[in-house]
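I opened the notebook to look up ring contacts, a pocket and an annotated site. My entries follow in the order I worked.

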Amino acid sequence: MITAPSPLDTAALDLGYSFCPNDTFIFYALQAGRVPAPLPVREVLEDVQTLNDWAVAGRLPITKISYRAYFEVMDRYVALRSGGALGRGVGPLVVAREKLGDLNGRRVASPGALTTAELLLRLAYPDVRLTRLRYDEVMPAVARGEVDAGLIIHESRFTYPQHGLVKLLDLGAWWERETGLPLPLGAILVRRDLPLEVQCGLNAAVRASLEYAHAHPQEPMAYIRQHALEMSDEVMRAHIDLYVNDFSLDVGAEGERAVRELHRRAVAVGAAPSCNLPLFVAEG
């Protein structure tokens with residue numbers, strides 16, 4: 001196990017999150033100092049798979065992560081109740097150049113081994129053949145015929161028709177049919193070795209940051225656009241509207257049940273270790 005330095009060794013906490021509009025919307029006010037926090041934070045923007053890998057190494061004291069990756073680091077991290085991505089109609093999609101039948105045995109491009117998307121695909125199709133690429137390289141690989149299909153996340157669910165691709169499967173809809181629960185996608189984690197009052201203070205700060213963005217919706221837009229590459233304003237807004245919801249303010253009892261069910265299924269297929277520690281920071 002890699003031993004990381006104490007998260008309180010520096011005057012500010014490094015806060016990792018993705019370039020995606022839902023994350024930059026949520027964290028704009030916190031990184032800009034618009035809301036109070038128990039300690040100052042420094043933004044560290046990376047793609048989700050990189051953040052997943054860094055969490056396994058214990059690199060950041062507070063970070064966005066896929067729920068699938070969280071299951072690998074629950075001994076060192078605990079999830080905040082605010083700032084995450086759960087919901088209905090928000091799942092990853094499987095796309096291809098043409099309609100296909102059973103995906104078992106097919107080559108499917110995945111955005112990463114520790115993504116919730118890949119876990120869902122493995123649960124639905126245990127014998128799929130995976131090729132792992134960065135999430136923004138998946139659709140081009142499918143369009144070039146390098147793989148049979150691709151597992152897409154983030155803004156790709158809005159743009160895949162522009163690549164001449166068709167939807168084969170909505171894994172979020174599959175999950176909802178299977179469980180009746182919202183789909184857990186991503187969480188915000190803090191190191192368990194942070195003092196409890198700091199953990200709770202960071203949870204409150206993330207919630208306040210999201211509430212500030214809702215109250216001042218135009219103020220974060222330049223920051224969001226700065227990190228959204230060539231995404232149109234319409235796609236940016238659709239992305240935020242889809243992934244930022246009531247579960248982002250607080251995971252709630254239903255969200256907790258969904259996370260526990262995803263973890264239970266991951267353990268059942270040998271994709272994640274079991275854990276008896278609390279999954280979320282204490283309320284209050």
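How many aromatic pairs does the structure hold? I found four. I kept in mind that this is a predicted model.

**Entry: Tyr17 and Phe27**

I looked at tyrosine 17 and phenylalanine 27. Their ring centres are 4.7 Å apart and the planes meet at 25°. Planes under 30 degrees apart count as stacked, so I logged the pair as stacked. I then checked where the two residues sit. Tyrosine 17 belongs to strand 1 (residues 13-17), and phenylalanine 27 to helix 1 (residues 21-31). The two are 10 residues apart, and their pair links distant parts of the chain. Buried or exposed? Tyrosine 17 and phenylalanine 27 are both buried.

**Entry: Tyr28 and Tyr223**

I turned to tyrosine 28 and tyrosine 223. Here the ring centres lie 5.8 Å apart, with the planes at 55°. That angle makes the pair tilted. I looked up burial next, where the limit is under 20% relative accessible area. Tyrosine 28 has 9%, so I noted it as buried. Tyrosine 223 has 8%, so it is buried too.

**Entry: a ring cluster and two arginines**

I traced ring pairs that link Tyr67, Tyr70 and Phe71 into a cluster. Then I searched for charges over rings. Arginine 59 places its charged end over the ring of tryptophan 54, 3.8 Å from the centre. Arginine 81 lies over the face of phenylalanine 280. I read 5.9 Å from arginine 81 to that ring centre.

**Entry: the largest pocket**

What volume does the largest pocket have? I noted about 310 Å³. The pocket is lined by 15 residues. Closest to its centre are Met139, Glu155, Ser156, Thr159 and His163. I checked which helices contribute. Helix 5 (138-143) and helix 6 (156-159) each supply at least two lining residues. By class, I listed seven nonpolar, five polar and three charged residues in the lining.

**Entry: the annotated site**

Where does UniProt place the feature "active site"? The record, an unreviewed entry, puts it at His154. I located histidine 154 in the loop between strand 9 (149-152) and helix 6. Helix 6 is also one of the helices I had logged for the pocket lining. Histidine 154 has a relative accessible area of 15%, so I recorded it as buried.

Methods: Residues are numbered from 1 along each chain as its sequence is written. This is a predicted model: local features need pLDDT of at least 70, side-chain atom pairs count only at pLDDT 80 or more; totals for chains, interfaces and linings use all residues. Side-chain values use heavy atoms; hydrogens and water are left out. Rings of Phe, Tyr and Trp (its six-membered ring) pair if their centres lie within 6.5 Å; planes under 30 degrees apart count as stacked, over 60 as edge-to-face and the rest as tilted. Helices (H or I, at least four residues) and strands (E, at least two) are DSSP runs, numbered from the N terminus. Buried means under 20% relative accessible area, exposed over 50%, partly exposed in between (1.4 Å probe, protein chains only). A charge sits over a ring if NZ of Lys or CZ of Arg is within 6 Å of the ring centre and within 35 degrees of the ring normal. On a 1 Å grid over the protein atoms alone, a cavity is a set of points where a 1.4 Å probe fits but cannot get out, and a pocket is an open set with protein on both sides within 12 Å along at least five of seven lines; lining residues have an atom within 4 Å of a point. Grid points are joined across faces, edges and corners, and a volume is the space filled by probe spheres set on the points. Ala, Val, Leu, Ile, Met, Phe, Trp, Tyr, Cys and Pro count as nonpolar, Asp, Glu, Lys and Arg as charged, and the others, Gly among them, as polar. UniProt positions are given in the numbering used here, feature names are shortened, and annotations may be inferred rather than shown by experiment.
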